[in-house]
Amino acid sequence: MSRVTIRTVRAPLAALAAGALFLTGCSSGGGGDDGGDTKAKKQGEDVSYTFADTAASKGPAPEVKGAKPGGTIKVLQRDSYAHLDPAQIYVSDEGALSTLIHRRLTNYKKDSDGKYSVVGDLATDSGQKSDGGKTWTYKLKDGIKFEDGSAITSKDIRHTIERTFAPFISEGPTFIQQWLADTGGTDYRKLLKGGPYKGKHLPDSVLETPDDQTVIFHFKKPQAELPYALAMAGYGVVSEKKDTKEKYDKKPLSSGPYKIESFKSGKSMKLVKNKEWDPNTDSQRNQYPDAFDIQFGVSFEDSTKRLMSDSGENQTATSFTNQVDASSMQEVRSNPDVKKRSVSGYQSYVGYMNINNDRIKNKKVRQAIAYAIPSQSIVSAFGGSGGAQLAGNYISPTLVGQQPTDPFGKLKKPQGDVAKAKKLLKQSGKKGMKLTFAFQNAPEWQKFSVAVTDNLKKAGFNVQKKDIIADTYYDQIGKVKNNYDIYHNSWGADWPSASTVVPNTFDGRQVQDGAANYSHHKNPKFEKEMDRIRAMSNPNKAADEWQKLADKILKEDVPAVPLQYYKAIQLYGSKIGGVYFDESLHDLNPTSLYVKK
C-alpha cells in the first residue's frame, strides 16, 4: 500500500463499472476468475487493466515527448530506506526506488491512452497459464543482465522465489510463497526450511526451471492474479551467485536502469546509470537523467516550500513520495504557478489506529478507545480534503464492494464521542488505566497525537506518549512483543479486492514479526470465514462478503480503529519533465522523469 508511512501497494483501481469482470487477490490459495481484464472506475474515471501479450511487453519504452538525456534530479525524501533487498520491500518509499533499480518478471505499464496493463518485465509477456490457472509459464527475455554484466537466468528467478522462504526475509509480501505451499500464515516456510542456502530447492512439481530461459509455477489451486503478484517490488530479481543473505539488504545488485553509487543511511543516496541495462528489453522504463541525488530527512513542509519556491536547484528537484504538507495545501491548489507543477491522485491506502489485542483484552476498553479517537484531526493534519478523507470502515472506497458503513460513528462524530468512551471505560472497571500510545515522529502524526491524547485523557485514560523515528517506525510496531497499547499504521490493497486487506491485517494466522496484523487480532470464527470467502468463485459476491466480514470484525472485536482514506498531491520543479501520477504506484513515477534543457 507509503512511508508517508503506508504499506506498498500494487493496486488496480476499484472495479465499479457495471458488468465488468473483477479479479480478486488472495493471501493463500483461492482464485478469482480466469479472465485477464479488469475494468474499473475510480472517482469518476474509467480505467482498465489487462494482462499484456508479447508485443506490448517489448522494449524500448515509448519516448517521453520533449525528453533529453542528461542532468541530475534532486529527490527530497522524508524517510531513509530501511530495506534495499527487494524481498524485504513492502512500503511505497522503497517501492518507488525499486522501480529504478530492481526488475521483476512482470510490471505495470501506462499506455498512451492512459490505460494500464501488466506487461512482461524480465519475462516476454505477462505469463501463459494452463491447467485452469494452476500452471503459469514464463519465458525470459534475451539480453537481461545485472549491473555486474552477468546474465539473468531462470536460476536467478528460482533463487529469488526460494530465498523468500528463509527466516531472515520477514518484511516483504508472502502471496506467492503461500500459494506455492498451498497454506496460510507462516506455514509456507516449512516447504523449504531455511530457504535455498543449504543446497535444497523447491521440487519441480512446485517451481520448475527446465532451461535457462523458462520458469514454470505449479499451484494446487488456480491463481488468476499471479501476474499482479509478480509485479510487486517484493519479487524483484536477486542474483543467485551474488546473494549475501542479510547483507544484501544494504548492498543489492541492480537490474534496472539505475544502480546505487552511494548510500548513507538517513542522509543521502546517489543513483547513477546502470550501463548493463538494455532499454530494448524494457517496455516501461526510461533512462534520461545521469543521476538521482536523493536527500533524506526533508520534511513534507520543507520539501513543499522548496518546490513551491522553484528557486536554484529546486527547479530540478522533486520527491518520489513526499506529499504537499497540510499548511501549504490551500496555496498549492489556488496558486496557478504552483498548481501547474503538481500531480495528484487518490490512493487505496486506509489509515488505522491499532489496538494491541495481546495487551488490551477487555472489549469495552477497545470500544472506548474507538469512540474516543478524533479521526477529523488526522484528516486535518494531512491537509483536509486534499490529503485525506474520513474513514468509516476498514475498506478503501477504491475497492470492489466497498460500502460507506460507519459502525463506530466516525463519520457522524469525526471529533470523537468522548462521553460514550468515558461511559464504556467506566463500565469496564479500567478507569485510569495506563495506555501507551506510539506514533511516528513526523509533523502530521505529532499534531494528531495531541488531539488523540486529549480525548483519551478526557475519557479517563492515563496516556503515555511514545514517538518513534520514521524510518524505524514499522520495525518497532511490527514486533509481536512490542510494548505499545495503541499505534497507527496504513495498509492498501495489492489488487482491487479486500482479499488483500482483511486477511493480511486481521488473520490471526498472520501474526509474526513484520507481518501486517499489527493489532495481533485472532479469532478462529473469522479466520474460517476468510477461508470461505477466498474459495468463492464469483468475485463480485466475494467482494460484498469481504465488506460484511470487515464490518463484523470491527464491530465484534474492535482490533483497530479506521482513521482515513488517503489522497496525495505532489510537486516538482519547473525544469523537471515527464511527471505523472502513477495509479499502480500511487505516487509519481520516477522512470519517466527527465531534466529540461
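These legends describe close-up views of a predicted model.

**View 1. Confidence along the protein chain.**
The protein chain of this predicted model has an average pLDDT of 88, and 91% of the residues score at least 70. Over residues 1-48, pLDDT stays under 50. For this stretch the model has 216 contacts beyond four places in sequence.

**View 2. The nonpolar cores.**
The largest nonpolar core holds 110 residues. Ile176, Phe217, Ile369 and Phe461 touch the most other members of this core. A second, separate core has 24 residues, among them Tyr81, Phe296, Ile576 and Val579. In soluble globular proteins, nonpolar side chains tend to be buried together.

Helix H12 covers residues 443-459, which is 17 residues. From its first C-alpha to its last, H12 reaches 25 Å, close to the 24 Å expected at 1.5 Å a residue. The buried residues of H12 are Glu444, Trp445, Phe448, Ser449, Val452, Thr453, Asn455, Leu456 and Ala459. Gly460 follows H12 and has a positive phi, near 115 degrees.

**View 3. The six-stranded open sheet.**
Six strands form an open sheet in the order E15-E19-E14-E18-E16-E17, and the pairing is mixed. Strands E15 (388-390) and E17 (462-468) stand at the edges; each has a single partner strand, so one side of each is left without a neighbour in the sheet. From one strand to the next, the twist averages 30 degrees. E15 pairs with strand E19 (residues 560-571) in the antiparallel sense, over three bridges. Within this pairing, Gln389 has Tyr565 of E19 as its bridge partner. Strands of a sheet pair through backbone hydrogen bonds, either parallel or antiparallel.

**View 4. The hairpin of strands E4 and E5.**
Strand E4 (residues 106-110) pairs with E5 in the antiparallel sense over five bridges. Asn107 has Val119 in E5 as its bridge partner. The two strands E4 and E5 form a hairpin, with five residues between them. In the turn, Gly114 has a positive phi of about 90 degrees. Is strand E5 (residues 116-120) largely enclosed or left open, and why? Five of the five residues of E5 are buried, so this strand is largely enclosed by the rest of the structure.

Terms used
Residues numbered from 1 in each chain as written. Predicted model: local features only at pLDDT ≥ 70, side-chain atom pairs only at ≥ 80, totals over all residues. Heavy atoms only, no water. pLDDT = per-residue confidence, 0-100. Contact = heavy atoms within 4.5 Å. Core = buried A, V, L, I, M, F, W, Y, C linked by side-chain atoms within 4.5 Å. Buried < 20%, exposed > 50% of the residue type's maximum accessible area, 1.4 Å probe, protein only. Helix = DSSP H or I, 4+ residues; strand = E, 2+ residues; numbered from the N terminus. Expected span 1.5 Å × (residues − 1). Pairing = 2+ DSSP bridges. Axes fitted to C-alpha atoms, helices over the stretch in contact; angles between N-to-C directions.
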